[in-house]
Amino acid sequence: MQVIPCSIEKVLDIIGNKWSFLVLRELYPGTKRFNELRRSIDGISPNALTNTLKHLENKGMINRNAIPTVPVTVEYSVTEKGESFHKVLKEMKKWGAEWG
């Protein structure tokens, strides 16, 4: 018997981990580079940030744009799919402020 995942499980698969919420929070105002993200997210290691960015890109939540400079400049931005999650994140923030 095949178990069909519920909608919440699907969301958790797309988001991945706690760092994804924080990466998205930082990208909603606009495009950022890797080091800008690393400095703005307290406690994230470069490895965790790299893995989170790859995961979000693979899930269609963010875009990765490599600009051919020396060294290569890489910028990250939110996709339409990622932007549609912004409402959810805002509600989580409100809930956390009230109950956290």
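Visitor: Which side chain meets Glu91 in a salt bridge?

Guide: This is a predicted model, where local features need pLDDT of at least 70, side-chain atom pairs count only at pLDDT 80 or more, and totals for chains, interfaces and linings use all residues. Residues are numbered from 1 along each chain as its sequence is written, and side-chain values use heavy atoms, with hydrogens and water left out. A salt bridge requires a side-chain nitrogen of Lys or Arg within 4 Å of a carboxyl oxygen of Asp or Glu. At 3.2 Å, N to O, the partner of Glu91 is Lys94.

Visitor: Where do Glu91 and Lys94 both lie?

Guide: Helices are DSSP runs of H or I with at least four residues, and strands are runs of E with at least two, numbered from the N terminus. Glu91 and Lys94 are three residues apart, about one turn of the helix, and both lie in H6 (residues 86–99).

Visitor: Is Lys94 buried or exposed?

Guide: Buried means under 20% relative accessible area, exposed over 50%, and partly exposed in between (1.4 Å probe, protein chains only). Lys94 has 52% relative accessibility, so Lys94 counts as exposed.

Visitor: How many residues apart in sequence are the parts that Asp13 and Lys59 tie together?

Guide: Asp13 and Lys59 form a salt bridge, with the closest N and O atoms 2.8 Å apart. Because Asp13 lies in helix H1 and Lys59 in the loop between H4 and S2, the parts tied together are apart in sequence by 46 residues.
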